Amino acid sequence: MGDDLGYRFNFRDVFAQREFLLEGLLLTLQLSFLAMALGLLVGVTCAALRLYGPRPVRALVATYVEVIRNTPLLVQLFLVFFGLPSLGIRLDATTASIIALTVNLGAYATEIVRAGLEAIPRAQIEAGVSLGLSRLQVFRYVVLMPALKVMYPALASQFILLMLATSIVSQISAPDLFHTASIIQSRTFRDFEVYIVVAALYLALALAFRVAFAGLYQLAFARR
Amino acid sequence: MIREFGFIDLLYLLGAARWTVALSAVAFIGGGLVGLLVALMRVAPFAPVRWLAMLYVQAIQGTPLLAWLFLFYFGLPLVGLVVNPWIAAATAFAIYAGAFFGEIWRGAVAAIPRTQWEAGSSLGLGFLDQLRYIIVPQAIRIAIPPTVGFLVQLIKNTSLAAAIGFVELTREAQITNASTFRPMTVFVIVAAIYFAMCFPLTQWSRYLERRLHVAR
Amino acid sequence: MSLVELSHVVKRFGANTVLDDVSLEVAPGEIIAVIGRSGSGKSTMLRCINGLEPIQDGRILFDGVVVNDPQTDLRALRQRVGIVFQSYNLFPHLSVEKNITLAPRVVKLMPETEARELAREVLRKVGLEEKIGAYPDELSGGQQQRVAIARSLAMRPQLMLFDEITSALDPELTGEVLKVLEAMAGEGMTMLLVTHEIGFAKRVASRVVFMHHGKIWEEGRAAETLSAPRSQELETFLNAVLH
C-alpha cells in the first residue's frame, strides 16, 4: 500500500479479474431474486395470517416480525449458518444465505403487505359484499389490485435494499460479488480500486432495478 | 483450546455492547451533522447545490454499507491518514447515515406547506431566517419519529463494523463462538442484547408517530 | 305480504343503544323516506336490513327470509337487496362498465356479452350510457352516484336501500340523482331512502318514517305527515331542516 499521495491507481489489474467479478455478480443476482420471491411469499402469507388468523397465530406472526426487525441481519445469518449445525442441520453458505435473507425480507414484506391491505377502505369491501360477492371474490376483484398498487413502491425499495444487503453473505464466505472483491484484493493488492469497482457495480445494479421496477409498475397499473 | 461458555463470556459480550452503543452514538452525531448539511443543500435556492446533494444521496442509497466500510478502511491510508477500525467505521457510518438523515429531514421540511414560506418572505425574512424561525421548528416535530426509526437501523448496522475488525458486540460474538463453540447460545444471547437495545426505540418511534398524527 | 318486516329490533354499539325496539313493515312498491337527526339510527336500520350490521334482539324478515339468522345465506339475500351509499363506493381501479358487470359475471355467472348489454341498459336508465368506458375519477359526484345506482340495479333487486345518497354531493348535482330516483319509483321499485331531502320526500315518497333517539317516533303518509306533523319533535326537526 502506498503511504503518500503519490499512490498510483491501477484499475487494469482489477479489470483483468472481470470474469471472477461476473461470477460473483451472478450469485448476488440469484440470491436477490430467490430471496425476493420467497420473501414476498412469506410476507403475503404472514400478512394474511396477521390480519385474518386466530389470536395465537396473529401474536406469533407479530413476534416474528418484531424479532427480525430489531436484530441485525448479520447476527441472523450467523445464527442460521453457525447455529443450526449444532442442532444437526448442516448448511452450505449459499443455502444458509438464502434462508437468512428470506426470513429477514419476509418480516419487512409482512408489514408492507399488511399496510397495503389495510389501506383499502372498509367501505369498498362493504360495497362488494352488498353486491353479493363472497369474501374471496371481494379480495380478488376489489381489494387485490388497489392493495398491490399501494404497496408497490415500498416493496420495490425493500427489494433494492435486499439486493444491497446480500453483500453481507460475504461474511460467511458465500461467493457473492462482495466476497469476490476480497479475493481479488488478496490477489492483486489493489484494495482501493477493487472496492471502488464493486461499489460502482452495486450502484449500477441498484439503478437497473429501480428502472425495471418503474417499468413494471407502468405495465401492471397503467390504464388501458 | 475450547472452553465452556460461562458467565464471564456474558460479561465480555455486554462489555462489547458498550462499543456498539458508542459507535451508534458517533454515527448518529456524525451522520446528523452530514445530514443537516445535505438537507440544507437539498432545499437551497441554487440548482447545482441541490443536484450535488441529490447525487450524493443517490450514490449512498445505491451502494452497500459494507463497501463504504472497506473503502475507508483501505482507502484512507492511501491519502496518508493512519487508520484504525474506529476511524474507518466512524467515517463510513457518518457518510452513510448522513445521506439517509438528509433525506428524512428534507422530507420533513418539504412537508411544511408553501404558504408558511410565503408568510415568512412577505414579512421580509431571508431564506436562512425563514428556515430558522418558521420552517425548522415545525419540521423537527415531523422529523423525530423517522429519525428515531433510523437510529434503530444504525444500531443494527454497527454489526457490520465487525467485518473490518471493529470489536463491537457482533465481533465479540464471533470471538466468543470461536473459543466456546456454542454458536446457538452465543448468537441468541447477542440477538437478545440487540433486541433489548432496539425494541424500546422502535416502540418509542411508533408512539411519537401516533402522537404526531393526533396533534395534527 | 310485506317485503320487509322489522319486529322489535334492538341494536347496540357497545354501551350505546342505536335502535331501540324498532318495528316496521314495508309492502312491495312502497317508497319510504326515513328522516331524523344524525345519530337517530336511520342509517343503522338500513344497514341491518341487508345484514351489514348484526342485531342484538328482535327479528328482521326480507321476503320471508330471516336476515339475522346465522344460518341464512346472506350472499343470496344480498343479490336481491340493492344498497347505495353516501360515498358511492365505486371501485376506482375498474371502469364504469366493469364496476357494473362485476357482480353479474362472478356471482350470477353471466356471460360477458350479456353482462355488457345489461350494463348499457342500466346506464341508459340513469342517463349515463355514454360514460360506459370511463373511470370513476373522471366523473363528477352526481355521475358517480348514478353509476352506483346503476351498479345495484344490474343485479335486478326486489328492494333498493339508499343511505343519504345526496348528502355528499354539491347542491347543483343532487337534482340529476333525484330525477333517477323518481323514475325508479314510477316503475314500481320498492325503495327505502334515508334522506334529508324533505321536498323530494313530500313529492315522491308514499310513507315517511321519522326516527328519534333510536325509536320510530312518528310515521304516516308522506305528504300529510310532512305538512302537518303530529309530534313536537318532528315539528322541531322539520323547522330546523327547512329554514
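A word on the source. This is a predicted model, where local features need pLDDT of at least 70, side-chain atom pairs count only at pLDDT 80 or more, and totals for chains, interfaces and linings use all residues. Residues are numbered from 1 along each chain as its sequence is written, while chains are lettered from A and ligands numbered from 1 in the order in which they are written.

Start with chain A. It has nine helices and zero strands. Helices here are DSSP runs of H or I with at least four residues, strands are E runs of at least two, and both are numbered from the N terminus.

Of the 224 residues in chain A, 44% are buried. Buried means 20 or more other C-beta atoms within 10 Å of the residue's own, exposed means 12 or fewer, and partly exposed is in between, with C-beta atoms placed from the backbone.

Now the neighbours. Two residues are in contact if their C-beta atoms, placed from the backbone, lie within 7 Å. Between chains A and B, the contact takes 33 residues from chain A and 30 residues from chain B. Which helix of chain A gives the most to this side? The answer is α9(A), with 10 residues. By class, this side of chain A has 22 nonpolar, seven polar and four charged residues. Nonpolar covers Ala, Val, Leu, Ile, Met, Phe, Trp, Tyr, Cys and Pro; charged covers Asp, Glu, Lys and Arg; the others, Gly among them, are polar.

Next, chains C and A. Here 17 residues come from chain C and 15 residues from chain A. On the side of chain C, α3(C) has the largest share, three residues. That side holds 10 nonpolar, five polar and two charged residues.

Last, α5 of chain C, residues 141-153. This helix reaches 18 Å from its first C-alpha to its last. Is α5(C) mostly covered or mostly open? Mostly covered: 12 of its 13 residues are buried. Among them are Gly142(C), Arg146(C) and Leu153(C). The buried residues pack against β6, α3, α4, β7 and α6 of chain C.

Key. Expected span 1.5 Å × (residues − 1).
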